[in-house]
Amino acid sequence: MNTISQPLSKINDFYDQNILFETLQVRKDNGYFAKAKKSAVRKHPNRYSGIQINSKDYINVLAFDCDHEDVLEFSDFNLPMPTITTINKDNGKHHHLYYLHNPIPLFCASQETTDYFIDLYDGMSVLLNADINYTGLISKNYINHNKFRVYGSLEKYNLSDFKEFTQNKNKIFHKYNLLEKQTYTSRHMKLFDSVRYYGYSV
């Protein structure tokens with residue numbers, strides 16, 4: 001299975017249609033966190049290395065931080081092709097993003113949905129050899145084409161598309177001692193609460 005290279009115009013259009021915040025948390029190229037208008041990031045994308053894709057209230061994207069160079073590891077386990085894979089040109093480290101048709105409302109999701117989501121996210125993290133403590137709040141900026149190479153299907157998914165990849169069905173998962181790690185939702189909320197204090201207008 002190969003990754004799909006998308007025209008820059010399609011990636012930019014995808015950003016316009018799927019970044020849901022008019023003002024978003026960003027990581028500037030100097031490493032500092034800030035706030036920026038969506039339009040400002042679109043106009044000067046190379047000023048920002050990271051952009052907000054989820055919020056404290058909604059999960060729009062299943063996001064995975066992979067500190068290795070095997071961008072095709074998803075295909076080893078028959079995972080769907082990521083919506084977007086953003087690869088650091090300098091070191092090959094990358095983010096896999098799976099955009100969802102229906103965002104998950106954390107503030108009113110049922111316990112069953114929350115448990116399923118955490119189970120799914122942790123299972124996929126192990127398969128992708130991803131950082132299990134990544135918050136999923138800020139992703140590599142996929143419209144910064146100076147810093148990143150970008151591939152993907154640009155397709156959206158339902159949570160049910162990944163049901164066979166939960167940790168409960170993932171034998172590899174049980175080789176890992178994950179008892180002390182935070183759940184996805186707890187670390188997601190912790191980072192949001194920390195980062196929001198560093199949000200200055202850009």
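Phe-107 is exposed, with a relative accessibility of 53%, a value over the 50% cut-off. This figure, like the others in this report, comes from a predicted model. Tyr-58 is partly exposed at 35% relative accessibility, because that class lies between the 20% and 50% limits.

A search of the whole structure returns nine aromatic pairs. One of them joins Tyr-58 and Phe-107 in an edge-to-face arrangement, with 5.6 Å from centre to centre and 80° between the planes. Tyr-58 belongs to strand β4 (residues 58-66), while Phe-107 sits in the loop between β6 (94-105) and α4 (111-127). The two residues are 49 apart, and their pair links distant parts of the chain.

## Tyr-98 and Phe-162

Tyr-98 and Phe-162 also form an edge-to-face aromatic pair, with ring centres separated by 5.2 Å and planes at 75°. Tyr-98 lies in strand β6, and Phe-162 in the loop between β8 (148-151) and α5 (184-195).

## Aromatic cluster

Which residues form one aromatic cluster? The members are Phe-64, Tyr-98, Phe-117, Tyr-121, Tyr-157 and Phe-162. Both partners of the 5.2 Å pair, Tyr-98 and Phe-162, are thus listed in this cluster.

Conventions: Residues numbered from 1 in each chain as written. Predicted model: local features only at pLDDT ≥ 70, side-chain atom pairs only at ≥ 80, totals over all residues. Heavy atoms only, no water. Phe/Tyr/Trp six-rings, centres within 6.5 Å; stacked < 30°, edge-to-face > 60°. Helix = DSSP H or I, 4+ residues; strand = E, 2+ residues; numbered from the N terminus. Buried < 20%, exposed > 50% of the residue type's maximum accessible area, 1.4 Å probe, protein only.
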